[in-house]
Amino acid sequence: MDEKRFVVALFGLAVALVAGYVAYRFVAPLTVAVFLYYSTRRFYHRLERFRLPSRVRAVVSLSVIGVPLIGLVSYTLVLLILEARRFIETYPVADTIGTENSVIGDLAELSNPTMDELLAAYRSGQFDPLIDLVSEQASLLASTLSGLALNLLITVIVTYYLLIDGSKLHDWLLRFDDDAIVREYLETADDELEAVLYGNLLNVIAISIIAVVTYLAYNAVAPAAVEIPYPTLAGALTGVASLIPVIGMKIVYIPIAAAMSIPIALDGDLALLAYVAGFLAVVVVVVDTIPDIVLRPYLSGETTHVGLLMLAYIFGPVVFGFHGLFLAPIILVVALTFADTALLRLLGVEPEPGPEIPADQRRLEEF
């Protein structure tokens with residue numbers, strides 16, 4: 001290798017290392033962007049029948065996923081705030097804490113504040129402890145919010161341009177093709193990633209619908225004292241929680257059952273606990289077990305083993321953090337596809353032949 005080639009190769013290596021470091025620092029939003037890309041790509045291509053520009057189709061595809069998700073999170077936060085306020089008004093929280101001048105005690109006195117009451121409370125110093133607490137944590141709060149905003153911006157931009165220019169990236173990678181190995185591997189991995197990650201999205205939607213119907217049906221027959229609060233929201237959160245390995249939907253319906261059980265247990269009306277037990281039994285069977293057995297095999301990809309995929313969902317968050325929930329399945333699909341296609345060819349093993357061609361059928365190369 002001459003000196004010029006060596007310098008170019010050294011420069012290319014330096015650029016690759018810098019790009020790899022940047023990708024490593026932002027691996028979480030990039031992983032989520034890849035997940036969203038494969039989850040929305042099929043819908044993006046189906047919008048072609050309406051002859052919409054590619055940019056419009058990309059915005060619509062992202063809105064189908066992003067707008068409901070943002071609305072769900074915002075609605076959940078609002079309900080949490082309202083329920084926390086109702087809890088403070090109903091139960092003697094300030095008395096339990098035992099501090100007359102506590103922040104909670106001061107805020108509890110303002111159950112339905114007006115602007116004049118808020119201004120008077122501020123002038124009297126009731127908000128001083130809360131202001132001091134927020135001031136002490138201002139840097140942490142600002143850092144957290146800015147980090148979330150930056151990650152969200154990266155995710156949206158990368159997903160948007162993957163939808164628009166994904167085919168150009170595919171064509172660029174095929175420029176390094178050698179004996180069709182790269183093409184075979186990329187096309188197989190691309191199809192399997194779409195099948196697996198798009199299947200995750202369908203699984204969330206299906207479980208959300210099943211959970212909402214189940215919760216509404218339960219509320220139709222249960223007494224008011226043991227009804228599920230906000231059944232539609234609870235069902236949607238159950239579907240989203242199905243992505244979490246091992247625990248999954250249990251982080252939603254078990255707290256719901258506990259929230260229904262505690263008040264009636266304190267009131268001494270233990271007969272109503274039978275409805276809570278029935279709710280748990282129905283949810284475990286109808287929402288948690290049957291969809292996992294029936295739907296997951298059909299929505300887990302075309303060649304990826306369901307057991308390996310479940311292990312990827314379990315080990316991913318443990319090894320990589322929360323974004324490992326999306327990164328581990330991608331790594332699994334890429335590795336298994338490489339072993340099934342490119343590795344065999346590189347080792348000199350010919351892939352299994354397809355179905356035999358009848359003797360009287362002409363081959364393409366004969367024409």
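Okay, let's start with two phenylalanines: Phe35 is buried, and Phe326 is buried too. Keep in mind that this is a predicted model.

So how do those two rings sit relative to each other? In general, you describe a pair of aromatic rings by the distance of the centres and the angle of the planes. For Phe35 and Phe326, the centres are 4.7 Å apart and the planes are at 50°, so we call the pair tilted. What I like here is where they come from: Phe35 is in helix α2 and Phe326 is in helix α14, residues 324-340, so this pair links distant parts of the chain, 291 residues apart.

Helix α14 turns up again in another pair, Tyr185 with Phe338. Those ring centres are 5.7 Å apart with the planes at 90°, so that one is edge-to-face. Tyr185 lies in helix α9, residues 181-221, and Phe338 in α14, so the pair ties together parts that are 153 residues apart in sequence. Tyr185 counts as buried, at 17% relative accessibility, whereas Phe338 is partly exposed, with a relative accessible area of 34%. The count of aromatic pairs comes to six. Elsewhere, Tyr215, Tyr218 and Phe279 form one aromatic cluster.

Now back to helix α2, which covers residues 27-46 and also holds Arg41. Is Arg41 buried or exposed? Buried: its relative accessibility is 8%, and the cut-off for buried is under 20%. So what does that arginine touch, leaving aside neighbours within four places in sequence? Arg41 is in contact with Leu163, Asp190 and Glu194. With Glu194 there's a side-chain to side-chain polar contact of 2.5 Å. There's another arginine to look at, Arg57: its charged end sits over the ring of Tyr44, 4.5 Å from the ring centre.

Last stop, helix α11, residues 250-267. With 18 residues at 1.5 Å a residue, α11 should span 26 Å, and its end C-alpha atoms are 26 Å apart, which agrees. Which residues of α11 are buried? That would be Val252, Tyr253, Ile256, Ala257, Met260, Ser261 and Ile264. And what covers them? The cover includes α9, α10 (231-241) and α12 (273-294). After α11 comes Gly268, with a positive phi, near 85°.

If you've got the model open, have a look at Arg41 and Glu194, with that 2.5 Å polar contact between their side chains, and then at the tilted pair of Phe35 and Phe326. That's me done, thanks.

Key: Residues numbered from 1 in each chain as written. Predicted model: local features only at pLDDT ≥ 70, side-chain atom pairs only at ≥ 80, totals over all residues. Heavy atoms only, no water. Helix = DSSP H or I, 4+ residues; strand = E, 2+ residues; numbered from the N terminus. Buried < 20%, exposed > 50% of the residue type's maximum accessible area, 1.4 Å probe, protein only. Polar contact = N/O pair within 3.5 Å; in protein donor to acceptor, adjacent residues only side chain to side chain. Contact = heavy atoms within 4.5 Å. Phe/Tyr/Trp six-rings, centres within 6.5 Å; stacked < 30°, edge-to-face > 60°. Lys NZ or Arg CZ within 6 Å of the ring centre and 35° of its normal. Expected span 1.5 Å × (residues − 1).
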